[in-house]
Amino acid sequence: MTETASETEPAWPAAAQAVARWLEHGERLDTLLETRLRGLTGTERGRAQQLVLGVARHLGRIEAVLRRLVPRQPRPLARAVLVMAGAELITAGDGGGRPAKIVHHAVGQAKFLLSPSEVKLVNAVARKLAGVLAAQIEPSDRANTTEWAEFFSHPAWLVERWRGQFGDAAARALLAWNQTPGVMHARWRVAEAPPEWLRPTDWPGFFEVPAGRWVGLEPLLAAEKLYLQDPSTRLAVGLLAPRPGETVLDVCAAPGGKSLLIADAMQGGRVVAMDLPGARLARLRENLARAPAGVKTVLVEGDVRRLNADSFRAQGLPEKFSAVLLDAPCSNSGVIRHRVDVKWRLQPGDFARHARQQQELFVAAAWLVAAGGRLVYSTCSLDPEENERVVAAFLAVARDEFTLETQMLSRPPESGCDGAAAFLLTKNHA
């Protein structure tokens, strides 16, 4: 019996099906990858995931070319095959005859996925696509927003916003940063020395995980010796500076990475993690269970804007806390390098919408801070509307009750890690 291409290489067709669904329905990529690639083995799943993420990363650039080559939009699966070929052409470069091999492979896969007429379309268009992409050069600093948006695969309105906020040089650097695959970082949690294959970084305790090391990584994760976490998360917890013996409240805690970082930093005390009921609480429970011995963890289900003192007393908790972290829901504009579909899901009005919710959460979280206590507000957004302006608006409402002590910003690519902002406020004694 002759094996088909899809049988000998399941990753490519599985990725094509996932891309087709994403193009047609706009599902969140993290959810889509979890459900659509579940049947693949570890290696094949990893390859399929990289194919899908490559499409999301470079979609704008590829489709700008395809619009000029294809007069009518093909059906989603044929479109998926073309954009996957385009993403591979961009990432593989033009050495060693790679473009011809990529086009040949895409046509071969199309024969098992598409109709004969669609295979002919893929064969003709993919060859032209390879030539056009190979001839493209990065737009100059003087290029207009449309050229930047197409080449760097970002919505034009977002490019224009960043140019206005950060200036052309910083905006261009950020766009280029977002187009490179995200580096996997891990935080080492135990006293013993980490394995030599973990690459040290500029951030104590954080290591870069080289590609192809998942087999060595799995037992370390299972033994809870490390936790996959971007170094940008250290900003908020560093400003909070949790102390041994304290009871620390993490208001918007799920999935729990910062709660665990707080617990590891304390080495003794209590971490109260709060979030809305829902599927994310399962991951939060798992992370709280990893807290070191000597740190007690408590999970509180609910919306901080709706809870009162009775809600905490019912679980034997204080009404006020010496340290409160509000890592607020945000646009995620600082983590596009890792969450590549964020740029396509964002809408211009999202920043103001998030800012309104952030302000409500800020006021509610502040009510839970004891006199002389610490409140850290943080986001993984780059946008001043969700950061500096939210803090300024809160301080205007709080009058003299709180003092802004310091702030820290991680702005890729200058920081070398994801984007984030963190602000430390102290509550003044009555």
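**Salt bridges, strands and backbone**

Visitor: What pLDDT do side-chain atom pairs need to count?
Guide: Residues are numbered from 1 along each chain as its sequence is written, and side-chain values use heavy atoms, without hydrogens and water. This is a predicted model: totals for chains, interfaces and linings use all residues, local features need pLDDT of at least 70, and side-chain atom pairs count only at pLDDT 80 or more.

Visitor: How many residues apart in sequence are the parts that R172 and E138 tie together?
Guide: A salt bridge puts a side-chain nitrogen of Lys or Arg within 4 Å of a carboxyl oxygen of Asp or Glu. R172 and E138 form one, at 2.7 Å from N to O. R172 lies in helix α10 and E138 in the loop between α7 and α8, so the tied parts are 34 residues apart.

Visitor: Is R172 buried or exposed?
Guide: The relative accessible area of R172 is 16%. R172 is therefore buried.

Visitor: What sequence separation does the pair of D383 and R161 span?
Guide: D383 and R161 form a salt bridge, with the closest N and O atoms 2.7 Å apart. D383 sits in the loop between β9 and α18, and R161 in helix α9, so the pair ties together parts whose separation is 222 residues.

Visitor: What is the strand order of the open sheet?
Guide: Helices (H or I, at least four residues) and strands (E, at least two) are DSSP runs, numbered from the N terminus. Two strands pair if DSSP finds at least two bridges between them. The sheet has four strands with antiparallel pairing, in the order β2-β3-β1-β4.

Visitor: Which strands form its edges?
Guide: An edge strand here pairs on one side only. The two are β2 (199–200) and β4 (226–228).

Visitor: Which residue in β4 stands opposite R187?
Guide: Strand β1 (residues 185–188) runs antiparallel to β4, and three bridges join them. Opposite R187 stands Y227.

Visitor: What is omega for the peptide bond from P412 to P413?
Guide: Most peptide bonds are trans. This one is cis. P413 lies in the loop between β10 and β11. Omega is about 0°.

Visitor: And what is omega from A254 to P255?
Guide: P255 is in the loop between β5 and α13. The bond from A254 is cis, with omega near 5°.

Visitor: What is the phi of E224?
Guide: E224 sits in the loop between α11 and β4. At 32% relative accessibility, E224 counts as partly exposed. Its phi is positive, though it is not glycine: near 60°.

Visitor: What is the phi of R399?
Guide: R399 lies in the loop between α18 and β10. At 67% relative accessibility, R399 counts as exposed. Its phi is also positive in a residue other than glycine, near 55°.

Key:
Buried means under 20% relative accessible area, exposed over 50%, partly exposed in between (1.4 Å probe, protein chains only).
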